[in-house]
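I opened the notebook to look up a sheet, the helices packed on it, and a few separate elements.

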Amino acid sequence: MGIRFFQGQKIKYEHEFSQLREIVEILRKEYPAEPVYLLTGVLVANGQIDCVILTKNGPLILDLKAFRGEIAGVENGNWVVTTKDGPIPLPNLFLQAKIHRQDFIDRLIPICRQHFPHIGEKNLRKIGSWLYFCRGSTFAEGQIDFRKVKWFRIVTADDLIQKMRFLDSGYTLRIQDMDAIVNGLGLREYSFEDGSARVPASRRIRRPLVSRTTLIILLAIFGLFTVGIFIVVTFPGVKVAAANALQGLITMAGGWMHLLAQETVKKNSTPEDSQQAIIYLNRFRVAEGILPIAYDGRAYSLALARAEDMADYKYLNYTNPQTGSSALALKRWHGFSENETLLETLYGQWTGYTPGIERQAIDAWITDPGNRQRLFFAQVSGAIACSEGYCSYIGVRPAPIAVNETANTTGTLAAA
């Protein structure tokens, strides 16, 4: 997918554009296919944030400083950078980064509550706010204890990616979450090279109130009803026959409407949906030289129960925080023996059930190293089921064969 660019205020200074271009080149090499959003000129309560990088590991704030030299500063007081031309006094950059970080968190909280509440406000406070200096700049150890101030770093192009690899937000930021952030901040998408505007990241599609298929069926029913009334009024002798025929046609049309309504308000994966999803998953497994797995009806039943439970209680976790229910607790009720090992992987989207959500969940898992490993883990069967936007995948490993003893292996769940 590559990098997409969004801005609040246009880039005004050449040195700022030069540093951003340097960052873009670094990100393109590190993330050739993974979605990355680069936000620039983001206005917040106490100023403007130069750059925010959105990756699956969460947001990262970069405050650009076009200086090269030896940097000196602590939590209190002013800072100074000693360049080849001498010392340059600077304001308290630590305090500046802290204020920008808090302002950005304050802007994210309402967006999080509305669009991705599963992340939680506590995790939002793990956002990093770093200072980005020119290559060759140094910051002597011992000035700030980075073990205690985990959100703050001083980086250059030489170590930006290295430090980004150790970001630990505790959650995965999905593409729809990134879209919600840029929309909530009121940013517009643009071309980094020439600054021209591009199509917005998320355009609301205007849909008709009634689909074409529904409209055709309604017109057909109205036409049949009109014809029936005309026959009854014009030919009284065929009243009974016409009434029977009309009743049959209305019954048939009602059946069509019922099927259409079922498809329109569909909330759960069917066994056929799950089977097709397993076929789709097996393509990835075979491509990696891993044996395909079989569709497991028991796994579908358990996965659907888990998805429905998450939809009912509005959570995305391996254990229901209110009832304590989990896949392990339910496994025997769905036909699994105690010695069979189960692996569960979860996915959620806040737009409800949509056709093809099963494949979307697999695509999301495949792009995440941890979930990808669980899908490719040694297993013989499995199934996926979704309910109202919540999905559960259950992978099954058979019970070990014990010799002269009874196996007592308890199923384990893999955390996403």
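Housekeeping. This is a predicted model: local features need pLDDT of at least 70, side-chain atom pairs count only at pLDDT 80 or more, and totals for chains, interfaces and linings use all residues. Residues are numbered from 1 along each chain as its sequence is written, and side-chain values use heavy atoms, with hydrogens and water left out.

Sheet. I took helices (H or I, at least four residues) and strands (E, at least two) as DSSP runs, numbered from the N terminus. I counted two strands as paired if DSSP finds at least two bridges between them. I found four strands in an open, mixed sheet, ordered S12-S14-S15-S13. S12 (294-295) and S13 (341-348) are the edges; each has a single partner strand, so one side of each lacks a neighbour in the sheet. S12 runs parallel to S14 (residues 381-387), with two bridges. Opposite Tyr-295 I found Gly-382 of S14.

Helices on the sheet. H9 (residues 297-313) lies across S12, S13, S14 and S15 (390-397), at about 30° to S14. H11 (residues 357-366) packs on the sheet too, touching S13, S14 and S15, at about 105° to S13. Contact here means heavy atoms within 4.5 Å. Axes are lines fitted to C-alpha atoms, for helices over the stretch in contact; angles run from 0 to 180 degrees between N-to-C directions.

I looked at S6 (residues 79-83) and S7 (residues 86-90): they run antiparallel, joined by five bridges. Trp-79 has Leu-90 in S7 as its bridge partner.
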